[in-house]
Amino acid sequence: MFRGVRRRTALAVLLSLTASLLAACGSGSDAGGDLTTEKVTLRFTWWGADDRHKRTQQVIEMFQKKHPNITIKGEFKEWNGYWDSLATTMAANDAPDIMQMDELYIASYAERGALLDLNEAKKHLDTTNFDQKALATGAIDGKQYGLPVGLGMYSIMVNTDLLAKYNIPLPDDTKWSWDDLKAIGEQVSKAGGGQVFGVQSPGINDTAGLSIRARQQGKALFDKDGKVVLPPEIATQYWTYIADLAKAGIAPPPSVTVEKASAGLNQSATATNTAVFGFWWNTQLTALTAASGAKLKLLRLPGESQGRPGAYYKPSMFWSVSSRSKHPAEAAAFVSFLANDEEAAKILLTERGVPANLKIREAIAGQLKETDKAAKEYLDTVPVSDPPRITPNGASTLDAILKRHTEDVLFGRTTPEAAAASFIREVQSEVDAAK
Amino acid sequence: MSALDELRQLRRGGVQVRKRDNKAAFWFLAPWFAGLVFITIGPVLASFGLGFTKYNLIQPPRFIGFDNFARILSDERLHNALGVTFTYVLVSVPLQLACALGVALLLDRGLRGLAFYRSAFYLPSLLGSSVAIAVLWTQVFGTDGLVNRVLGFFGVEGKGWISDPDTALSTLIVLNVWTFGSPMIIFLAGLRQIPAMYYEAAAIDGASRWSQFWRITLPLLSPIVFFNLVLQIIHAFQSFTQAFVVSNGTGGPSDSTMFYTLYLYQQGFSRFDMGYASALAWFLLLIIAAFTAINFWAAKYWVFYDD
């Protein structure tokens, strides 16, 4: 009797295993073929906040109306959980068909063979209205692994209400230097009396500030091959500046800085009106204005007129298609819709950045809110130089490494010199480890 | 029908019933068994194999011998994580057990409403490793949190306890001590097992409460203390949620809340280095096994079995 049961169980297990294997190598259409007329379901995942979920869902419904046989299943998460879950689903061979991809991660995924070369789906994906330079940001060795969605620029956001309150004139951002920012920040902190600070500490959220510092002096974080070429002096100078801001009381105390950084955008010093100058992406102007309720203005970064401009267009995110998608042609068609459809663009607006599609950018210009307009104008007018190399494979923890070193400096656990050396060593070893 | 026949009949029936039971039990067990094999044993064995490979989750694993284990020796951030974890275990477990024993002794004195107190003290154990409590913790120990409000009331200026690397780990230790409920329940049960006559005899001989505790309660409770110690040490080594939530998954500030398990998780899921993460998991198993072995060895010298 037991024998019988065992045999039957074994058979059932075997059958289910075979079934799952068969499913895994199921036949799919190839990227260059015609769109299917059968019913298909595509999974589409993105990170973001509520506003983005609502807009994206609307656009999904528009697409489904045009293609009644295609169902798009949206899966959305917060930034942190997003990457953990994407990595896990990739490992389980269960990756979504269409993914919102970030500059930090695109090389890591592409070079591991997880992303489809969108050129293979050219037939369904229209990229004619994209600026070539912008398109190139999503390409590695001539293969288009991501279609840039929007563009952003690293900038300074200043709270002009608070400046007016303290009778401090707005600095001339076409000429100002890093020392000027320090000086005016000091004035603000004095006037703020311990409640309002001059500058929200940089170096906590984003490596862009360090990259731009290097670019202003004609250097970069990475060379073409992904080798770390950041001179230690520049990193030292960067962390010395951050340490000085904290020591002089120009930035909030370190523990406040760290706390606010982990509490998210709405708890930031800029959003809570507790710092007058903050480093942000220009496209965050709308969200931060809403959160702070104050009047915020975009300024160029300091030091842009002393050396060469360090500013650059950064693709805020990409659309990527999984290399294991069973319906690459349909996925590409959906991406094409997201990127080119004017009706869709009128819903999405600049929520994912100022559109990289130039035709779309003009099409929605009339519909933009004042803050979105300001973000677009900033992008259209501020001088930039060629974008830096895409974050190489293995360095997707770059921002986390930067944050840890900034914390070490802020709490006096290391010197800026030691932090600079350690940062460079660690990033290089991450890149090497991924090879 | 004789009694013997009846018995025989019953036994026959009983056998039949038992057989049916077996069959049903097998089917009821099957899902659990499938889970054990496919979700627990399978992955455990796989992770042992993966420990010897370089595996980035997307490309197939590549065999690299003992490289991952060699890296354990030279990985400075791991050594820091080990320091953090050992501090956490060695400070929070004794404190937690002391609290548990203290409260158990109080409750054992036949308080009115005992059931209520028992549940009230046990509650944190149920919640302690939950995400909700960890989120609450960030509020309680934040710059504008409860702790600083209370301190402010006494004129002491507080700070961001969780966002300062010098104090962040202490807040997690406090959290773990707070969840003393489950060892407390076990202590309570143990205290009930100690025969009252020992205390009566001691009282007649004029022993103070203090020496009654040291000479009767503690020796007779030592097997329970030992049991709790082993369990809580293993439990503390595996702590993850608290540090993950409180530090937003970073183990920060400055790696000060980087538990071993959190570091392992980051290696696997942020750095896509599943091979190294697997090796780390097995290394943790060795550490826990070593601690448990030391515990059992030391037990010979202080645990007293009353039989």
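Me: How many Å separate the centres of domain 1 of chain B and domain 2 of chain B?

Reply: Domain bounds come from an automatic or database domain assignment. For chain B that assignment gives domain 1 (3-50) and domain 2 (67-302). Their centres, taken over C-alpha atoms, are separated by 37 Å. This is a predicted model: local features need pLDDT of at least 70, side-chain atom pairs count only at pLDDT 80 or more, and totals for chains, interfaces and linings use all residues. Residues are numbered from 1 along each chain as its sequence is written, while chains are lettered from A and ligands numbered from 1 in the order in which they are written.

Me: How many helices and strands are there in chain A?

Reply: Helices (H or I, at least four residues) and strands (E, at least two) are DSSP runs, numbered from the N terminus. Chain A has 17 helices and 12 strands. Its radius of gyration (taken over C-alpha atoms) is 24 Å, close to the 22 Å that the globule rule gives for 435 residues, so chain A is as compact as a globular protein of that length. The globule rule is 2.2 Å times the number of residues to the power 0.38. Along the principal axes, the C-alpha atoms of chain A fill a box of roughly 80 × 55 × 40 Å.

Me: Which way do the residues of strand β3 of chain A point?

Reply: In a regular strand the side chains alternate between the two faces of the sheet. In β3(A) (residues 98-101), I98(A) and Q100(A) point one way, M99(A) and M101(A) the other, and all are buried. A residue is buried if 20 or more other C-beta atoms lie within 10 Å of its own, exposed if 12 or fewer, and partly exposed in between; C-beta atoms are placed from the backbone.

Me: Which strands pair with β3(A)?

Reply: Two strands pair if DSSP finds at least two bridges between them. Strand β1 (residues 40-47) of chain A runs parallel to β3(A), joined by two bridges, and T45(A) stands opposite M99(A). Strand β11 (residues 314-321) of chain A pairs with β3(A) in the antiparallel sense over four bridges. There, F318(A) is the bridge partner of M101(A).

Me: What does helix α8 of chain B pack against?

Reply: Two residues are in contact if their C-beta atoms, placed from the backbone, lie within 7 Å. The buried residues of α8(B), among them F187(B) and L188(B), pack against α3 (76-107), α4 (114-127) and α10 (209-237) of chain B. Helix α8(B) (residues 181-193) has 13 residues and reaches 19 Å from its first C-alpha to its last, close to the 18 Å expected at 1.5 Å a residue. The expected span is 1.5 Å times one less than the number of residues.

Me: Is P302(A) buried or exposed?

Reply: P302(A) counts as buried, with 23 C-beta neighbours inside 10 Å. P302(A) lies in the loop between β10 (296-299) and β11 of chain A.
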